[in-house]
Amino acid sequence: MAGRINDDDVKAVRDAVPIDAVVSEYLQLRNAGGGNLKGLCPFHDEKSPSFQVSPSKGLFHCFGCQEGGDTIAFVRKIDHLSFSEAVERLAATAGITLRYEEGGYNPSHQRGERIRLVEAHKAAAQFYSEQLGSPEAEIGRAFLAERGFDQAAAAHFGVGYSPAGWDHLTRYLRGKGFSDKELLTSGLAQESRRNPIDRFRGRLMWPIRDVSGEVVGFGARKLRDDDNGPKYLNTPETPIYKKSQVLYGIDLAKKDIAKSSRAVVVEGYTDVMACHLAGVTTAIATCGTAFGGDHIKILRRLLMDNGSARVIFTFDGDAAGQKAALRAFEDDQKFAAETYIAIAPDNMDPCDLRLAKGDEAVAELVQPRTPLFEFAIRQIVSRYDLETPAGRAAALDEAAPIVARIKNVASQHEVAVQLAGILGILDTQFVVKRVAQLARWARDRGGKGPAPAPGRRQGYESAAPRPSVGPGPALNLRSPAHRTERELLKLALQYPHLVSPAFDAYGADEFTAPPYAAVRQCIQEAGGATDAPSDYLPTVMDRAPNDVVRALVTELAVEAIHARTVDEAYAGEQLVAVRRRAVDRRLLDIQGSLARLGQHGDPAQLAAVQNELWVLQQYGQALRNKGAAAL
């Protein structure tokens, strides 16, 4: 064994490497007062910074998750290293030669696995970079030149070339003391019938670095027609490379991202190069995978989620790019930053745009223009025929939950008004209230997303749980609320045209009896009451989760309605009565929330609750004064 690291050397490493310098490699730090710094904790997901660093003491502590310690503890925790590995890594940064208690030496083959794999990648990156100048790599240099990248650009990004032979890199790294096991574990080599061979051969190579600047993988671009592999081949998952947790260019972009509170997400390595060379030094890209939650965590720690933070996506305008943008939108609300999408003229990516129109065009492209949620809404709406009432209603059903996910209440209202205009729905307030209702349900459900809209759309599935129903209907027909809910459900099943489209905006939450809520859910899953088809009732029954609910649907579908004249006026009365009770219940909940928040609650949260209270009070008054016209 190599033995224990000398205690004096450990102390020297602690003293030599400032903790704020190390932590700043992973997240943005700001002044916290008293000589301390603060940032978003990298060890748990948080929205307000509770992670503090004391440079004078050489310590960190998170008041949220209670992680804490010195510089060595931070490196151990964030990079999953042993104590020795963390000390060795910091010692290498500080230029300190370590002594070991047993034998006084430091055999490289006994050092920690992560350290060894990172060193192998560092050596490989140097090897590939040198190979780019070889005669064989002329095809790679030509590829770069055709895209506007000279030798200086290649050197700045560490672009290299992997020789076309079977084991050039493998033999080189063996000569550096790396074992075959290490080369296979690193992903730089792969098994063959006899000996390991190079994974990357005859390709242009981009080193992929983590946020601290260490090479952890490679992206390899095919150059020759006789190469039968994929166009881009990335390092496989290894102990140091997880594609969902790395962003190409983050090592170069992180300081400017933190300084400007802006990040530009592009689709490829050459796009990152083009952006940086055009002065957009906040550009980064994913590595062979969709932009997702782990990528967001990396950016959030740099952006600090302040109110002016911006994230701009530059996906292509083709079908694949639109799909990527919609995937990105799925995680949009994990940002506190505002997100935008930029699509270049003629669907050019930043690399092509720079070639065609120069650096200024690239810089102009990434100026925030179209909010990502607006792009997502327009993409969804474009799938429906807005010339028909059914098409507008279906588009609203799918788009409204998206608008409801916007956190800022004022922005949410503004976008809801825009949605009404996009859909051509003249009753703007109907759309605004529908969105507000969905947002309220999302909050009531603990932020798990808005309650779903009727599911007539192709490819749209409700994620909401069914209302729970016991062994028998727990109904109290003496209750005015239950009587009215029952009457409304009978109308929805027997005379759907009288209660639609308003009924389809009612959620299962508005029915206080679980069996009635279950029937409402069945109607929703059958496509709603609007434009009910001839097989409407059988479809509703098919959506019943069990025989109890199925029997209740049948019962309500045949039970007489308690009105001399069954018309729109009577239907409107039932709609209003159910909605008013739901509004009154929500008002009581909000008043309770205000009481709990008191005078010392979070000002933003307090303002949001007070705003919702005012909106609901106005809505309740309108229901009392205008009846069904206010729905």
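User: Happy to start with the helices: why are α11 and α14 called oblique to each other?

Analyst: The axes of α11 (residues 269-277) and α14 (residues 350-357) cross at roughly 45° and come within 7 Å. Angles under 35 degrees count as roughly parallel, over 145 as roughly antiparallel, 65 to 115 as roughly perpendicular and the rest as oblique, so this pair is oblique.

User: Which residues of α11 and α14 meet?

Analyst: Thr-270, Asp-271, Ala-274, Cys-275 and Leu-277 of α11 meet Pro-350, Cys-351 and Arg-354 of α14, where contact means heavy atoms within 4.5 Å. They divide into five nonpolar, one polar and two charged.

User: What makes β1 and β5 edge strands?

Analyst: In the open sheet, ordered β1-β2-β3-β4-β5 with antiparallel pairing, β1 (30-33) and β5 (68-70) each pair on one side only. Pairing requires at least two DSSP bridges between two strands; β2 (36-39) and β3 (51-54), for instance, have three.

User: How do you know that Thr-314 is buried?

Analyst: Buried means under 20% relative accessible area, exposed over 50%, partly exposed in between (1.4 Å probe, protein chains only). Thr-314 has 3% relative accessibility, so Thr-314 counts as buried. This residue lies in the loop between β14 (310-313) and α13 (319-330). Leaving aside neighbours within four places in sequence, its contacts include Val-264, Glu-267 and Pro-350.

User: What should I keep in mind about the numbering and the cut-offs for this predicted model?

Analyst: Residues are numbered from 1 along each chain as its sequence is written. Local features need pLDDT of at least 70 and side-chain atom pairs count only at pLDDT 80 or more, while totals for chains, interfaces and linings use all residues, and side-chain values use heavy atoms, leaving out hydrogens and water.

Methods
Axes are lines fitted to C-alpha atoms, for helices over the stretch in contact, and angles run from 0 to 180 degrees between N-to-C directions. Helices (H or I, at least four residues) and strands (E, at least two) are DSSP runs, numbered from the N terminus. Ala, Val, Leu, Ile, Met, Phe, Trp, Tyr, Cys and Pro count as nonpolar, Asp, Glu, Lys and Arg as charged, and the others, Gly among them, as polar.
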